[in-house]
Amino acid sequence: MSVLTALAALCAGVLFAGCSSPPDEGTLVGTLQAVGGPAGTEPLPLSGSVTFHGSNGNIATIDLSASGRFSAHLPVGRYTVAGRSPQFKGGAGECQAPGPVTVTKDVTSHVEIDCQES
């Protein structure tokens with residue numbers, strides 16, 4: 001489900017609560033990447049997906065290209081952010097951002113999601 005689809009579903013779900021305008025939003029940008037390995041190895045961008053779990057229960061997932069970069073417009077709130085890539089443990093391993101991320105109205109925040117290689 002794309003972030004825009006998730007936002008539309010959120011709005012539709014609270015239509016009777018007065019959702020007549022878009023919610024306050026901020027932007028979260030970052031990269032899903034593999035880190036670690038032999039000394040001197042640079043982070044490797046990963047394709048795959050990133051999922052945002054909001055403290056209010058909302059969940060949105062976006063797909064990533066080979067660049068591993070993402071930009072998501074999300075309702076204001078706190079999110080845990082996780083990523084998966086077929087290039088990391090065959091897609092079976094989930095990679096977590098270092099901690100919750102706060103999305104603030106009209107602010108662009110940055111987060112790196114590191115998949116730790118052995």
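Cys95 is buried in this predicted model, with a relative accessible area of 3%, and Cys115 likewise counts as buried, at 0% relative accessibility; buried here means under 20% relative accessible area, exposed over 50% and partly exposed in between, with a 1.4 Å probe and protein chains only. Residues are numbered from 1 along each chain as its sequence is written. Because the model is predicted, local features need pLDDT of at least 70 and side-chain atom pairs count only at pLDDT 80 or more, while totals for chains, interfaces and linings use all residues, and side-chain values use heavy atoms, with hydrogens and water left out.

Cys95 and Cys115 form a disulfide, with their sulfur atoms 1.9 Å apart, under the rule that a disulfide is a pair of cysteine sulfur atoms within 2.5 Å; the count by this rule is one. The link is right-handed, with 115° about the S-S bond. Since Cys95 lies in strand β7 (residues 95-96) and Cys115 in strand β9 (residues 108-117), the pair ties together parts that are 20 residues apart in sequence.

Of the 118 residues in the protein chain, 38% are buried. Among contacts (heavy atoms within 4.5 Å) between residues at least 6 apart in sequence, 62% join residues at least 24 apart.

Note on methods:
Helices (H or I, at least four residues) and strands (E, at least two) are DSSP runs, numbered from the N terminus.
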